[in-house]
Amino acid sequence: MNVSQILKQKGNRIVSVPEDATVGEAATMLAREGIGAVLVLDRAGRVAGILSERDLVRGLASHGAGAVALGVAEVMTRNVVFCRPEDSIDRVMSEMTTRRFRHLPVTENGKLAGIVSIGDVVKYRLMETEAEAESLRQYIAAG
Ligand code: AMP
């Protein structure tokens, strides 16, 4: 199973905020959408960074309540790591584990094609494991 199969099921929607949004606006977006990270786009629509719950926590810890008025550019991560539709789930899992983050935007031919989270990856890995167990059960039952 690979990233394109996850996107086929969950879709290509990407939740983003503009680079001049505030941290408070980004937090509202995360809460409204029930997600853990948003991409930050520049005026040309290019990815300028990624902002996750962890960045919000870090911002609050260092700036206190004033963090909500900061620009997202001050707390986001600029060096965004992407994956590709053909990447395997195992590869994406190991990338997230090694780099210690839970979101990977997907690019295809230089364009954004979606985003996968650790929750998506674990869900599809479990489905894969269950399918393997079921085919083994059937193999054994067939004698
Ligand atoms: P997360 O575990 O996804 O909440 O993110 C933990 C930290 O990694 C935060 O500082 C994020 O901004 C950053 N981060 C999350 N996803 C990515 C990514 N794909 N590329 C680079 N940094 C990321």
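Visitor: Which residues of the largest nonpolar core touch the most other members?

Guide: A nonpolar core is a set of buried Ala, Val, Leu, Ile, Met, Phe, Trp, Tyr and Cys residues joined through side-chain atoms within 4.5 Å. Buried means under 20% relative accessible area, exposed over 50%, partly exposed in between (1.4 Å probe, protein chains only). Here the largest core has 17 residues, and Val17, Val38, Val40, Leu51 and Val72 touch the most other members. Helix H2 (23-33), strand E2 (37-41) and strand E3 (47-52) supply at least two residues each. H2 gives the largest share, four residues. Helices (H or I, at least four residues) and strands (E, at least two) are DSSP runs, numbered from the N terminus. Another core, of 14 residues, lies apart; Ile6, Ile89, Met96 and Tyr124 are among them.

Visitor: How far can I trust such details?

Guide: This is a predicted model: local features need pLDDT of at least 70, side-chain atom pairs count only at pLDDT 80 or more, and totals for chains, interfaces and linings use all residues. Residues are numbered from 1 along each chain as its sequence is written, and side-chain values use heavy atoms, with hydrogens and water left out.

Visitor: Which residues of helix H4 are buried?

Guide: In H4 (residues 89-99), they are Ile89, Val92, Glu95 and Met96. Down the axis of H4, they fall within an arc of 125°, so they line one face of the helix. The arc is that of the directions from the helix axis to the C-beta atoms.

Visitor: What covers them?

Guide: Contact means heavy atoms within 4.5 Å. The cover includes helix H1 (3-10), strand E4 (103-108), strand E5 (111-117) and helix H5 (118-141). Exposed Thr97 and Thr98 sit on the face turned away from the buried side of H4.
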